[in-house]
Amino acid sequence: MALQLPTLSGCVRSFNSSVCSMSGRKFSTFATLSQPRGGDTTNWVEATSSFFDQDKRPIMLFDGVCNLCNGGVKFVSDNDRNKTIRYEALQSEAGKMLLRRSGRAPDDISSVVLVEKDRSYIKSEAVLKIMEYINLPFPQLAILLQFVPLFVRDFVYDNVANNRYMIFGRSESCEI
């Protein structure tokens with residue numbers, strides 16, 4: 001399913017994520033919509049708002065050439081009987097715009113991202129949020145996994161993500 005690209009316009013608004021401190025290190029407690037870094041003054045929330053005009057379902061952004069990621073999309077799709085999630089490859093134009101909406105660089109394919117109308121989730125937070133949308137027993141499992149500290153969940157997530165091509169391989173072209 002491809003998303004239609006809206007025209008770019010609008011003013012700049014800033015949305016910040018909540019941050020906590022632990023032993024002098026900062027960890028994001030959840031991902032919210034934020035203004036992209038790098039001097040980009042485009043309001044990506046406004047520019048991508050049409051993605052949610054007719055269809056309010058969240059959008060799962062995934063690495064379209066990653067075999068693990070494509071398997072994850074198939075798993076989520078198979079366990080989402082009510083079709084509550086849409087899918088878009090990070091490498092697509094719509095995916096790049098939604099990455100910017102989420103405060104990420106448009107070429108950052110390091111994490112699955114779940115974009116809702118008013119909020120975005122990355123890494124393990126995205127995985128847990130996706131689990132809440134699919135069928136039993138995954139919402140209950142997500143509740144239990146929320147008790148694992150974010151830095152531990154993201155450490156595991158990052159290790160799998162950084163080695164995904166070596167372990168699971170990659171396809172020649174984006175799949176969806």
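This is a predicted model: local features need pLDDT of at least 70, side-chain atom pairs count only at pLDDT 80 or more; totals for chains, interfaces and linings use all residues.
Let's start at Tyr165. Arg170 lies over the face of that ring, 4.4 Å from the ring centre.

Next, ring against ring. How many aromatic pairs does the count give? The answer is 1. A pair like this is described by the distance of the centres and the angle of the planes. Here the partners are Phe75 and Phe138, with ring centres 5.3 Å apart. Their planes stand at 90°, over the 60 degrees required, so we call the pair edge-to-face.

Buried or exposed? Take Phe138 first. Its relative accessible area is 18%, so Phe138 counts as buried. Phe75 comes out at 40%, which means partly exposed.

Now the largest pocket. It holds about 710 Å³ of space. The lining has 28 residues, and the closest to the centre are Leu68, Gly72, Val112, Val127 and Tyr157. Which elements give two or more residues to that lining? Strand 3, at 59–62, is one of them. The others are helix 2 (67–78), helix 4 (123–133), helix 5 (138–145) and helix 6 (150–162). Helix 2 gives the largest share, with 6 residues.

Last, the lining by class. We have 21 nonpolar residues, 4 polar and 3 charged.

Definitions and conventions. Residues are numbered from 1 along each chain as its sequence is written. Side-chain values use heavy atoms; hydrogens and water are left out. On a 1 Å grid over the protein atoms alone, a cavity is a set of points where a 1.4 Å probe fits but cannot get out, and a pocket is an open set with protein on both sides within 12 Å along at least five of seven lines; lining residues have an atom within 4 Å of a point. Grid points are joined across faces, edges and corners, and a volume is the space filled by probe spheres set on the points. Helices (H or I, at least four residues) and strands (E, at least two) are DSSP runs, numbered from the N terminus. Ala, Val, Leu, Ile, Met, Phe, Trp, Tyr, Cys and Pro count as nonpolar, Asp, Glu, Lys and Arg as charged, and the others, Gly among them, as polar. Rings of Phe, Tyr and Trp (its six-membered ring) pair if their centres lie within 6.5 Å; planes under 30 degrees apart count as stacked, over 60 as edge-to-face and the rest as tilted. Buried means under 20% relative accessible area, exposed over 50%, partly exposed in between (1.4 Å probe, protein chains only). A charge sits over a ring if NZ of Lys or CZ of Arg is within 6 Å of the ring centre and within 35 degrees of the ring normal.
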